[in-house]
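Welcome! Here is a short tour for anyone meeting this structure for the first time. Please have a look at the sequence and the model below, and then read on.

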Amino acid sequence: QAKHKGRGRFEVFNCLMHQKARQTMQMFMDLRLALQRNEFVLFYQPIICLASGRAAGVEALIRWFHPAQGMVSPGEFIPLAEETGLILPIGRWVLERACLDMLRFAEDMGFSEPMMVSVNLSAKQFAQADLYEQVEAIIECTGFPPQCLKLEITESVIMENAEAAVRILDRLKKLGIKISIDDFGTGYSSLSYLNRFSADILKIDRSFVSRMHLGGENLEIVRTIVTLAQAMKMLVIAEGVETKEELEALTALKCEYAQGFYFAKPMPLDQLQGFNMFGEMEERRGLSGDRRGRLPDRRK
Ligand code: C2E
Ligand code: MG
Ligand code: MG
Ligand code: MG
């Protein structure tokens, strides 16, 4: 009797596994075709300079418009793309698209220089032997000014092979681009390495920013990361700011930049063009004048 029940349970489990595997296989096949079918789009989320209230740049965030499922978020397909190696052609596309989009945006808006744009790199992309050559080729082909391009690499990916990371980051920096350490605080950085990475920016992970205004551990972690960044002559960006209270707590800690739904959600390029990126914050903070914010060069 019990044995029979057990087997039944196993069969249900087996069937669920089978279904999951089929779904994954289907997604892999669809993902393989997504590039040639032009199903990817980059959304952009403004990064706000807290002192001026102006946008200092944007982060490019990929979206997949699946013909049947509609919009699929990167959390759902980037891990599979990473596992299967599809992330390499997708990543190349993202880098080139971000540069081209920002050039068009600058032209449409009448800017003399494109906005600073951040592009995320996953572990496999960061480990590519020809990453430097790839970035160099895209900068050359698009004519994008390298000082307006920033690569975001998560703390855990950098720390996975810290010695190699020191070398590749040094090389990338020679192209004139900027480097951000993404999701900072969630990995295990050794402080001695942090100083050897030629990174320009620390991005404080959203998990610490959320509810930091209530005090306690999160507030102290954010305070420590801001102090650390200043000591290391790096700029600091708080991710995932959702409320006015969080913004006020960040301002009190002299955090320099912030990003989050409180300011703006990631949006397609045409909305970025229609959206008064600077006006809304200026109104909020009573600012006017030059509408362009820039990430300064603290590290030279
Ligand atoms: P990330 O680089 O840490 O990006 C921040 C994520 O937080 C984005 O999710 C963004 O939409 C979300 N976010 C921003 N503000 C808020 C907020 O106030 N509240 C909340 N709850 N979320 C907020 P998204 O776009 O789903 O991307 C998730 C992750 O997928 C990214 O994390 C990044 O690691 C990866 N990813 C996105 N685009 C790309 C890409 O083009 N290439 C690679 N390799 N990875 C990407
Ligand atoms: Mg990022
Ligand atoms: Mg992040
Ligand atoms: Mg993240």
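Predicted model: local features only at pLDDT ≥ 70, side-chain atom pairs only at ≥ 80, totals over all residues.

Helices here are DSSP runs of H or I with at least four residues, numbered from the N terminus.

**The metal site**
- Asp183 coordinates the magnesium ion (ligand 4) through its OD atoms, at 2.6 to 2.8 Å.
- This aspartate 183 belongs to strand β6, made up of residues 178-184.
- A distance of 5.6 Å separates the magnesium ion (ligand 4) from the magnesium ion (ligand 2).

**Around methionine 159**
- Methionine 159 has a relative accessible area of 19%, and because buried means under 20%, this residue counts as buried.
- Setting aside neighbours within four places in sequence, methionine 159 is in contact with Tyr188, Ser189, Ser190, Tyr193 and Phe197.
- Leucine 194 lies 35 residues away from methionine 159 along the chain, and their C-alpha atoms are 9.3 Å apart.

**Helices α5 and α7**
- The axes of helix α5 (residues 131-142) and helix α7 (residues 162-174) come within 10 Å and cross at roughly 15 degrees.
- Angles under 35 degrees count as roughly parallel, so α5 and α7 are roughly parallel to each other.
- Their crossing, that of α5 and α7, is right-handed.
- On the α5 side, Leu131, Tyr132, Glu133 and Val135 meet Ile168, Arg171 and Leu172 of α7.
- The residues in this contact of α5 with α7 comprise 5 nonpolar, no polar and 2 charged.

How values were computed
Residues numbered from 1 in each chain as written. Chains lettered and ligands numbered in written order. Heavy atoms only, no water. Donors = N, O, S within 2.8 Å, 3.2 Å for Na, K, Ca; no water. Helix = DSSP H or I, 4+ residues; strand = E, 2+ residues; numbered from the N terminus. Buried < 20%, exposed > 50% of the residue type's maximum accessible area, 1.4 Å probe, protein only. Contact = heavy atoms within 4.5 Å. Axes fitted to C-alpha atoms, helices over the stretch in contact; angles between N-to-C directions. Parallel < 35°, antiparallel > 145°, perpendicular 65-115°, else oblique. Left-handed = near helix turned anticlockwise from the far one by under 90°. Nonpolar A, V, L, I, M, F, W, Y, C, P; charged D, E, K, R; others polar.
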